[in-house]
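Good morning, and thank you for coming. Please look at the sequence and the structure as I bring them up, and keep both in view while I speak.

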Amino acid sequence: MFVGDVQGCGAELEELLERVRAVHAEDFELWLVGDLINRGPASLQVLRTVRSLVEQGRARYVLGNHEIWLLESLFGRRALRYPDTMADLLADPDIEDWIEWIRRRPLVETGELSGRPFVMVHAAIHPDWDLDRLVTRAREAEARLGDPDRSVAERFLAGDRESDVALDALLLITSCRSFDPDGRWSSREPVAPAVPWHIAWSRRAHCYGVVYGHWALQG
C-alpha cells in the first residue's frame, strides 16, 4: 500500500493501520513517500510507528523535504518557524539517534507492478533521468548524507547545488515541482513557460512508473 505525506498526523496513521490490519492482518507492506514529520501534532509518534514497521520489514520509506529541513535545523542551517511543529521530536532525549536513523534513509525505492518497474520518490525526477541514472544519482546523494562522519553530511547540506550534482539531485528529488524550457527546476509551482515536473518527465516516455507525494495542492 502506498501512503502519502503523513506530516506528523499520528492518529490518522494509526487509523490507517487499523483499517489495513482489519483486512490483511499482518500480511502487508506500506510504502511511504516521505514527509513523515512536521505540520501535524505528533511527529515523534509517527517516526516511532514507521521505524518499527521498517525494522519488521513491513514498510519502506523515502526522505522528503521536511526530513531534510529537520536535518538542516539541527545542523544550524535553518531556523524553525511557523508552521513548523517538530518540538516534540526536537525535545526527545533520543534526538541524536533519530537524526542518525533519518539521514540514512533512502531517497528512492524501486519495485515492480504488473511486470513494469516503478520508483517511489518524495517529490520529483529529472525528465532526462532513465531508471539507472536516477538510482545512481540518488545513491550518490544518500552516501554523502548518510556518511559515518556526520560532519560530511553537515558540509553536504551546506553546499551549493549549482556546483554539486549530488546535492542538486537530493534537493530535486525531495522538493521539485516545475521545470522551465531550459531544463532548470524549481520547488515553486510552475508559471508559464515552466511546466509541472511530471509533464516534462512524461514527455520522455520512460519505461518506468513513478509514485510520489509532496504536491498535495494538485489534488
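**A walk through the predicted model**

Ala 205 is found in the loop between α9 (197-202) and β9 (209-211). Helices here are DSSP runs of H or I with at least four residues, strands are runs of E with at least two, and both are numbered from the N terminus. Residues are numbered from 1 along each chain as its sequence is written, and side-chain values use heavy atoms, with hydrogens and water left out.

Let me stay with Ala 205 for a moment. Its phi is near 55°, a positive value in a residue other than glycine. With a relative accessibility of 65%, Ala 205 counts as exposed; buried means under 20% relative accessible area, exposed means over 50%, and partly exposed lies in between, with a 1.4 Å probe and protein chains only. Ala 25 also is not a glycine and has a positive phi, of about 55°. Ala 25 sits in the loop between α1 and β2, and its relative accessible area of 46% makes it partly exposed.

I turn now to a pair of helices. Two packed helices are described by the angle between their axes and by the distance between those axes. At what angle do the axes of helix α1 and helix α2 cross? Helix α1 covers residues 10-24 and helix α2 residues 43-55; their axes come within 8 Å and cross at roughly 35°. The axes are lines fitted to C-alpha atoms, for helices over the stretch in contact, and angles run from 0 to 180 degrees between N-to-C directions. The crossing of α1 past α2 is left-handed, a term that applies if the near helix is turned anticlockwise from the far one by less than a right angle.

Which residues make this contact? From α1 come Gly 10, Ala 11, Leu 13, Glu 14, Leu 17 and Arg 21, and from α2 come Gln 45, Val 46, Thr 49, Val 50 and Leu 53. Contact means heavy atoms within 4.5 Å. Sorted by class, the contact has six nonpolar, three polar and two charged residues. In this sorting Ala, Val, Leu, Ile, Met, Phe, Trp, Tyr, Cys and Pro are nonpolar, Asp, Glu, Lys and Arg are charged, and the others, Gly among them, are polar.

Consider Glu 14 of helix α1. Setting aside neighbours within four places in sequence, Glu 14 is in contact with Gln 45 and Thr 49. Glu 14 and Thr 49 are 35 residues apart along the chain, and their C-alpha atoms are separated by 8.4 Å. Glu 14 is partly exposed, at 26% relative accessible area.

My next topic is salt bridges. A salt bridge is a side-chain nitrogen of Lys or Arg within 4 Å of a carboxyl oxygen of Asp or Glu. By this rule the count comes to 21. One of them joins Arg 19 and Glu 15, at 2.7 Å from N to O. Both residues lie in helix α1, four residues apart, about one turn of the helix. Arg 19 is exposed at 55%, whereas Glu 15 is partly exposed at 39%.

In another, the closest N and O atoms of Glu 100 and Arg 150 are 3.9 Å apart. Glu 100 lies in helix α5 (residues 95-102) and Arg 150 in helix α7 (residues 150-157), so the pair ties together parts that are 50 residues apart in sequence. These two also belong to a network of salt bridges with Glu 96, Arg 103, Arg 104 and Glu 154.

Is Asp 35 buried or exposed? Asp 35 is buried yet has no salt bridge, and Arg 177, the nearest side chain of opposite charge, is 7.4 Å away. For charge, Lys and Arg count as positive and Asp and Glu as negative, while His and the chain ends are not counted. Asp 35 lies in the loop between β2 (30-32) and α2.

I close with two cis peptide bonds. One joins Tyr 82 and Pro 83, with omega about 5°, and Pro 83 lies in the loop between α3 (65-74) and α4 (87-90). Another joins Ala 192 and Pro 193, with omega about 15°.

Terms used: Predicted model: local features only at pLDDT ≥ 70, side-chain atom pairs only at ≥ 80, totals over all residues.
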